[in-house]
Amino acid sequence: MTGTSHADIPMLVDRIVIGDELADAAGGEVFDTLNPATGQPLATLPAGTAQDVDRAVAAARDAQHAWARRSPATRERVLLALAERVESAADDLARLESLDVGKPVSQARAIDVAMAIDGLRYHAGMASKVEGRTIPTSRRYLTITRREPVGVIAGIVPWNFGLLSMTAKLGPALAAGNAIVIKPSPLAPLSSLALGRLALEAGLPPGLLSVVTDDGSAAGEALVRHPAISHVSFTGSPEVGRKVAAAAGEQLKTCITELGGKSALVVLDDADLQAAAQAAFLGIFINQGEMCTASSRLLVSAQVHDHMLDAAAVAARSLKIGDPADASTVLGPLISAPHRERVERFVESGRQSGAELACGGARPPNAPDRGFFFEPTVFDRVRPDAEIAREEIFGPVLSVIPFQDEEEALRIANATRYGLGAGVFTRSIDRALRFAEGVESGNVWVNAYNLLHPAVPFGGMKHSGFGREGGFSGMVHVTREKSIWLAG
Ligand code: NAD
């Protein structure tokens with residue numbers, strides 16, 4: 001594999017998007033984003049600051065008033081045009097996301113881009129679906145509620161699913177009549193910048209969607225604190241989420257946080273083991289395990305432990321690691337050198353904890369040496385209180401934890417500060433429902449894992465965050481309810 005030159009980037013994405021302008025940062029500062037497969041610079045981008053945020057928010061306020069007065073049908077049409085434009089650029093967007101994040105291009109196309117398009121189409125329809133209520137109070141009054149847009153929204157997105165997270169925020173925001181300013185992660189901002197440009201090409205009124213990049217937290221912090229921002233929609237780590245929620249709270253802004261996870265996939269003794277093994281494999285090794293819902297803890301009944309461990313280790317050993325641009329690659333590099341070092345520290349902690357290393361645990365010998373590759377790794381007999389069983393590793397590292405009975409499985413599943421995803425494999429509907437009810441998790445899958453749909457509320461419990469994206473639950477956050485009393 002050779003270093004990627006700027007000419008390899010499939011779309012022109014080197015400017016921030018403010019109003020109808022593609023601009024440099026006001027201060028003229030720049031930063032590089034790297035190609036994780038080669039460790040080489042991929043693009044040089046504007047390092048935005050509070051000044052750029054001020055301009056983006058001013059453009060958003062101007063545009064939002066007119067947008068909120070457009071008919072729902074018009075908003076729906078514009079969002080459908082955006083979905084159409086994204087679909088026509090789907091292959092380029094997938095290549096861009098793959099280059100910037102290191103995820104295999106096949107996954108970027110089938111997951112990130114496909115789901116982004118579905119989400120935009122679904123939320124286009126929401127423009128005409130959000131309704132108020134008529135409340136019976138007294139015969140003398142007609143009491144109704146309206147759901148109104150909140151104004152200008154801050155959308156702060158992470159690097160692992162930048163495009164998807166951005167569309168999950170802008171779809172509902174714009175459908176409801178708001179404007180939104182997106183702040184992507186400096187580690188993988190290209191798809192967000194590309195989507196900002198595509199929106200202008202699709203006819204979205206300028207200012208409704210701005211994209212401001214930064215090299216750390218300058219623009220993100222300024223955005224959250226900006227007095228004209230009414231609502232903050234944050235996706236990222238609990239550490240930053242806590243700061244963002246505190247800053248929003250200080251100004252009495254509403255906020256939702258979609259944070260990390262340490263999800264358990266539980267395999268009971270009566271499970272379809274083949275289906276469970278397939279789900280366990282996809283749950284931890286897709287996207288290099290850099291997934292908030294990664295099933296990083298595989299809880300297996302002692303009766304099926306050996307079978308499940310073998311299946312996980314065989315699958316991990318056989319998956320193809322390499323160039324994300326190659327259609328047959330299953331596992332690409334991790335996002336950055338510091339992130340790989342962090343994953344390596346967890347692996348060392350796993351070794352020290354007495355867990356048995358079943359496979360992986362090192363940098364792959366045959367992968368390009370300047371890329372941030374790491375082997376798919378399986379630890380067996382991990383103690384539920386070991387660090388690797390408690391903390392989000394955000395890499396292809398699976399902890400297999402045996403249990404004796406259902407009660408113990410549930411206790412271990414809940415023994416984490418996180419509560420994002422959980423799965424259970426069993427042929428018994430009673431056992432499945434008992435687990436689904438008892439598990440402290442925002443999303444539960446039975447005989448499946450990681451199913452997502454734009455109509456279904458997605459979000460966490462405990463330190464995995466609060467608020468929901470998707471469906472009517474998501475629309476609640478981007479609208480505010482007004483009660484109107486009419487005296488007859
Ligand atoms: P991160 O918290 O480091 O950064 C997220 C975003 O916040 C980035 O755009 C970053 O630049 C910005 N930011 C950093 N400091 C800020 C500040 N002080 N004020 C405002 N913005 C600031 O997270 P990350 O490393 O980009 O993403 C990985 C994390 O995201 C993992 O924990 C993962 O589980 C989580 N995640 C959650 C979901 C979900 O839906 N629950 C989805 C994807 C990722």
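Mentor: Start with burial: buried means under 20% relative accessible area, exposed over 50%, and partly exposed in between (1.4 Å probe, protein chains only). The model here is predicted, so local features need pLDDT of at least 70 and side-chain atom pairs count only at pLDDT 80 or more, while totals for chains, interfaces and linings use all residues. Residues are numbered from 1 along each chain as its sequence is written, and side-chain values use heavy atoms, with hydrogens and water left out.

Trainee: Is Phe-394 buried or exposed?

Mentor: Phe-394 is buried, because its relative accessible area is 15%. Its place is the loop between α12 and β16 (397-403). Such labels are DSSP runs numbered from the N terminus: helices are H or I with at least four residues, strands are E with at least two. Phe-394 also has a positive phi, about 60 degrees, although it is not a glycine.

Trainee: What is phi of Arg-381?

Mentor: Near 50 degrees, again a positive value in a residue other than glycine. Arg-381 is in the loop between β15 (377-380) and α12 (387-390). It counts as partly exposed because its relative accessibility is 41%.

Trainee: Which residues does Thr-293 touch?

Mentor: Contact means heavy atoms within 4.5 Å. Not counting residues up to four places away in sequence, Thr-293 touches Ser-263, Leu-420, Trp-445, Tyr-449, Asn-450 and Phe-458. Thr-293 is found in the loop between α9 (273-285) and β13 (297-301). It is buried, at a relative accessible area of 4%.

Trainee: And where is Leu-187 found?

Mentor: In the loop between β8 (179-183) and α6 (190-201). At 37% relative accessibility, Leu-187 is partly exposed. Leaving aside neighbours within four places in sequence, it contacts Thr-33, Asp-100, Trp-159 and Ile-335. Its C-alpha atom is 9.8 Å from that of Asp-214, 27 residues apart along the chain.

Trainee: How is the protein chain divided by the domain assignment?

Mentor: Domain bounds come from an automatic or database assignment. Here it gives domain 1 (6-259 + 464-487) and domain 2 (264-455). Their centres, taken over C-alpha atoms, are 30 Å apart. At the contact, 33 residues of domain 1 meet 31 residues of domain 2.

Trainee: Which residues touch the most other members of the largest nonpolar core?

Mentor: A nonpolar core is a set of buried Ala, Val, Leu, Ile, Met, Phe, Trp, Tyr and Cys residues joined through side-chain atoms within 4.5 Å. The largest has 117 residues, and Leu-170, Val-267, Leu-298 and Met-308 touch the most other members. Domain 1 and domain 2 both give residues to this core, so it lies between them. Apart from it lies another core, of 26 residues, including Phe-346 and Phe-435. As for Met-308, its contacts beyond four places in sequence are Val-267, Leu-273, Ala-276, Ala-277, Leu-298 and Val-300.

Trainee: At what angle do the axes of helix α2 and helix α4 cross?

Mentor: Two packed helices are described by the angle between their axes and the distance between the axes. Axes are lines fitted to C-alpha atoms, for helices over the stretch in contact; angles run from 0 to 180 degrees between N-to-C directions. The axes of α2 (residues 72-88) and α4 (residues 105-126) come within 8 Å and cross at roughly 170 degrees. Under 35 degrees counts as roughly parallel, over 145 as roughly antiparallel, 65 to 115 as roughly perpendicular and the rest as oblique. The two helices are therefore roughly antiparallel. Among the residues that meet are Leu-79 and Glu-87 in α2, and Ile-117 and Arg-121 in α4.
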